[in-house]
Structure formats: structure tokens, C-alpha cells
Amino acid sequence: MATGRLGVGETLEALNAAVGPGSPVWFKETNARHLRGRDFLAPRSALQARFRDGQVPECVFSAVTCLQGPGVAPVLRCAPTPAGLSLQLQRPAVFERVLGALASYATPAKPASPGPRVVLHCPALRCNPSTLRLSQLRAVLVADHLTRTLRAHGVCVCLVPSVRDPHMATLLQKLRVDWPTASKSTSTETLRTCVLAELNSVSEEETLPPGVLGRMCLKKLVEQRRAAGYDPSIDNCLVTEDVLSVLSELQEAVRHWPEGGYPGLDGDPDSGVDGCMVVHVVSCEEAFQQQKLDLLWQKLDDQAPHKQKHLVCGPVKVAGVPGTLMTAPEYYRLRYTQVCKASALKHGGELARDPAWTESFEVLSVATIKFEMLSTAPQNQLLLADSSISTKGTKSGTFVMYNCARLATLFEGYKHGVEQGLYPAFPIVSSLDFSLLHDEGEWLLLFNSVLPFLDLLSQTVSLASTPGLHISVRTEMVCKFLVQLSMDFSSYYNRVHILGVSIQQKGVCGEYGGRRVKTGRQEDEPGPFPFRNLGHTSLVKCLPAYSF
């Protein structure tokens, strides 16, 4: 059997190469109706632009049908249709290749050599948690998402600031945000000396507000960096102890990377500040001040990294709430109360008051909050609904978590069934006959969710290729992916008995594992495990890897 990870991108690249030089003509199908007969399509209009009278040469048909190469999916047939040139893959072979190496489709491959180190800075975490604005909460959740994505791709990320407020640490714990803590701040003495030397050289007398060490002119530096995208209205920056503390912590993170935090870094020529990128994740209200601090750092420290990027999160408003009066803790309490009420309506008030369910309600609340905050592109304005949470909608984190619970129950039921001798142990994937998988939902889950997942994940974050000062991330792509995955799985789950119809429900004698089994009618016990369903379960085994 062929080995190596199959990829949608690799297959598309090979298909377009087979057609010849020119603009790409092939695209991947995603529509369930179209996937019944084809997996890729070269539209007729694109072919007419490429070939005279739209007649595809026979050599192109031959090249496409015999398509091979690293990551290229095996082709079953290619044929002209009214829509264009349609191609269908050898689906049983694709099932076997993908499900036989699930880990390579769920986890990005580690880079062969270390890339740039990333210091990810989120200023909102220095705020008082009781007054944390929703736009700042959004920046925190985007920073957490960015950290997880970069680390999944093998990038070493250092998080700044280390949280010193215990109340902020508690809030982050509630939100399932993993962020470092510290008990003391870094020394600002070196930067203070630089500031005083710079101020003395200017020797201008000025009455300053209390607590301000001086005013640093940044106009010249702004003009030098204007092409990068700094705000041209920046003139100067008031230097305080708090400002020096911020810069000192950033300086410490860049110069003294955590020991053991970057495997293979020792002896690497890019291990200095030139091999480091700083990403400031800020709310729109903090963006202007952060540009000032960025420039001030460069002015005071000649070893400050030149590669500094700013990810600015747009404003957040709540429908029915004037201005931006709601704080992050109030927002969390609102969603938690709504989750409890929705659960009480569905399962009864006793469940909502059961302490054993507290953690479940907290998890659902956080999932709802993260989906709301991340389902819109971070750069855009976000409008939150103040309405109650419904367990019947298909566009929320609650719906995704509901389907994760379905999967967990499915796996747990199978595990207990195996322990009780009701199901056979799961066989090796290569022994399964994937030609028995004919339901369109099975191919939909694999082709639209499992196969393209890593390609999608790599598209959500791109730091190296982004010119200028500002960067963007595509958190909404992951949310849309999870919603569509949940909808496809929910439809499949409601239509197909993945573990088989309960033998207790059938109430007949059946053959199981080479012996006869007498059945009863207790519906709460698992039923037989038909051979065809082994392929089903192998498919859904990989789905939790993509949960939120």
C-alpha cells in the first residue's frame, strides 16, 4: 500500500500541472449533491479559455487519469460532463490511506529546522480583570488561539506578560486559557538609565505630570518607519515606570529565551534577536499606545527586534447594551446563566442545580464565548447577541460541544461493549473493506473535514509572508469548519446506526463472534457490531481531534 499523507493542495497542483501551463482550472467540490458524482471539477468556461473550442486533448485525459506523485490522491476516472471535466477519486483507497494514518491528518508535521521564535504580547492581561472590556477579552482569546495554532505547527512561542494578578489568573482559568504567571516584575534599571540619558541630551525644561519621567520624541522614528504602517500622527510618548516595566519584560523575553523552550536552538545562527518576531495582540483602543511603545522600545534599545507585528482586534458591542458598558466577567456570568437556563428547559431544573454538572456548564459557557469571539474575523467589529442560548441552533459553540458529547458517548459505549464481550476488539485498519462505505455522509466527512483540515489550519495564520506592520488571522475559518463538521456528523449520526441496531431491540437470536447469542429487549445495552460499521467507527475516531 502507498504511504505518505494525501493532500488536497498537492492533488490540485498535480491536476493543474497535467492540464498544462496557465491559470489553475481545477477546484475541489464541497457541495454534498455534487460530491455524489465527482470530487474535482474543471469548469467548461475555464477549459474553453484554455483550449480551442473547449476540446480537451486526449493527452490531458491520459495525464489526469494516471496522476501520481507525493500527496496526490489516486484517481478512479475522469470524464467530460455538461459542467466541465469531472474527476472522481478511488474512494476506498483514499479511506484506507487516511484512516490508516490518522495522526498525520490531525497534527501538523514538525518543521525540519527551527523557524523564528515568536514573542506573543497581549497588553490586556495587565488590566484589572473586574474592568476588562469585551474588546480586550477578544484580544486575549485571539492571542490564546494564535498561540495554540503556532505551537501546533512547531513554532516556539513565549507569552508576555506573565500574569501577576491572582484574579486575572482565576479568570483565565475559567476561560480555559493557558498563560504563564509570575510573582515579581523584571528590573527596569537599564531602560531607566537610557531614558534619563536621552532626556538630559535634549535638555528641555517642561512641567510633567506626577509619575512621568519624561517625554520622548518619536517623530523622526515615525518618519523613518512610515512605510511600515505606523500612524503618522504619533509625535511623542510619556515615559512612566509602567511603560518601562512593559518594555523591560519584552526585552527580557527576547534576550533570555526560556531554557528548554526551543529544542535545537543552541548553536543556531538565528537564535539572537534577529531570529525573533514580536507579535502584539491588542484591542482597537490599545492599538495607538502600543505603536508608541513599539517605537519607544526601538529608540531606547538598539537590540530591539526589527520584526514587530501588530494584530488589532476590532470593537465588540452587545445588542441591547448601550456603548461598551459590559465587562468580561459580566459577560461570562450572562452566558453561564443562559447555559444553565437552557439546560434546565431541556433536562429539568434539578439538573441545573446539581453541583456535579457545574463543570459541564462552565465548559459549555466557555465554548459559547469562544465561538462568539472567534467566529468573526478579529479585525472586524463584533456584535454579540444578548438573547438566550438555544441548544437547537447549529451555528454556536454549544452545538459543536453537543456533537463532541455525542462522539464521546459513542466511544465510551463501544469501550464498555468490548469490556462486556458484546463487541469485538477494533481490528487493524488494513483489514477493513472500505468498499462497503457507500453512504454519501461518510465521504462528506472524510473529504470535506478530515482530508483538508491541516491545509485549512495553515491558512488561518501567516506571519512570515505578511508585509508591513499589521497582520491578520482567520479564526473564523476554524469556527466555520467546526460548525460544518458538526452539521455533517449530526446528519450522519441521526441517519446511520454507527454501532449497529441494538440486538436487545431486535429480540432475536444472532450469531456473534462465531457463537449464538440470545438477546433480550433492554434498550440501554449496546447491540451487535456489524463488519461494515467498523469502517464507520474508524472514520469517526478521528473527528474529536478537530473539536474546539
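**Confidence, helix packing and local features of the predicted model**

The protein chain has a mean pLDDT of 81, and 82% of its residues reach 70 or more, where pLDDT is the predictor's confidence in each residue, from 0 to 100. Residues are numbered from 1 along each chain as its sequence is written, and side-chain values use heavy atoms, with hydrogens and water left out.

The protein chain contains 20 helices and 14 strands, which are DSSP runs numbered from the N terminus (helices: H or I, at least four residues; strands: E, at least two). Of its 548 residues, 47% count as buried, with buried meaning under 20% relative accessible area, exposed over 50%, and partly exposed in between (1.4 Å probe, protein chains only). Among contacts between residues at least 6 apart in sequence, 76% join residues at least 24 apart.

Helix 16 (residues 440-450) takes part in a packing with helix 4 (residues 91-99), the two axes coming within 11 Å and crossing at roughly 55°; axes are lines fitted to C-alpha atoms, for helices over the stretch in contact, and angles run from 0 to 180 degrees between N-to-C directions. Helix 4 and helix 16 are therefore oblique to each other, given that angles under 35 degrees count as roughly parallel, over 145 as roughly antiparallel, 65 to 115 as roughly perpendicular and the rest as oblique. The crossing of helix 4 past helix 16 is left-handed, a term used if the near helix is turned anticlockwise from the far one by less than a right angle, with right-handed used if clockwise. On the side of helix 4 the contact involves Arg91, Val94, Phe95, Val98 and Leu99, which meet Glu442, Trp443, Leu446 and Val450 of helix 16. These residues divide into seven nonpolar, no polar and two charged, where Ala, Val, Leu, Ile, Met, Phe, Trp, Tyr, Cys and Pro count as nonpolar, Asp, Glu, Lys and Arg as charged, and the others, Gly among them, as polar.

Helix 16 also packs with helix 18 (residues 475-495), where the axes come within 10 Å and cross at roughly 165°. That angle makes helix 16 roughly antiparallel to helix 18, and the crossing is left-handed. Gly441, Glu442, Leu444, Leu445, Asn448 and Ser449 of helix 16 meet Phe481, Leu485, Asp488, Phe489, Tyr492 and Arg495 of helix 18, and the residues of this contact comprise six nonpolar, three polar and three charged.

For helix 10 (residues 241-255) and helix 11 (residues 287-300), the axes come within 11 Å and cross at roughly 65°, which makes helix 10 roughly perpendicular to helix 11. Helix 10 passes helix 11 in a right-handed crossing. The contact is formed by Val243, Val246, Leu247, Leu250, Gln251 and Val254 of helix 10 together with Leu293, Leu296, Trp297 and Leu300 of helix 11, a set of nine nonpolar, one polar and no charged residues.

Several individual residues were also examined. His310, in strand 10 (residues 308-313), is buried, with a relative accessible area of 1%. Not counting residues up to four places away in sequence, His310 touches His280, Gln290, Gln291, Asp294, Leu469, His470 and Ile471. Pro43 is placed in strand 2 (residues 40-43), and with the same exclusion of residues up to four places away, Pro43 touches Val25, Phe27, Ala83 and Gly84.

Most residues other than glycine have a negative phi, and most peptide bonds are trans. The peptide bond from Val160 to Pro161 is cis, with omega near 5°, and Pro161 lies in the loop between strand 6 (157-160) and helix 7 (166-174). Val163, in the loop between strand 6 and helix 7, is buried at a relative accessible area of 3%. Its C-alpha atom is separated by 7.5 Å from that of Trp179, 16 residues apart along the chain. Arg176, although not a glycine, has a positive phi of about 60°; Arg176 is located in the loop between helix 7 and helix 8 (189-202) and is partly exposed, with a relative accessible area of 31%.

Technical notes. Predicted model: local features only at pLDDT ≥ 70, side-chain atom pairs only at ≥ 80, totals over all residues. Contact = heavy atoms within 4.5 Å.
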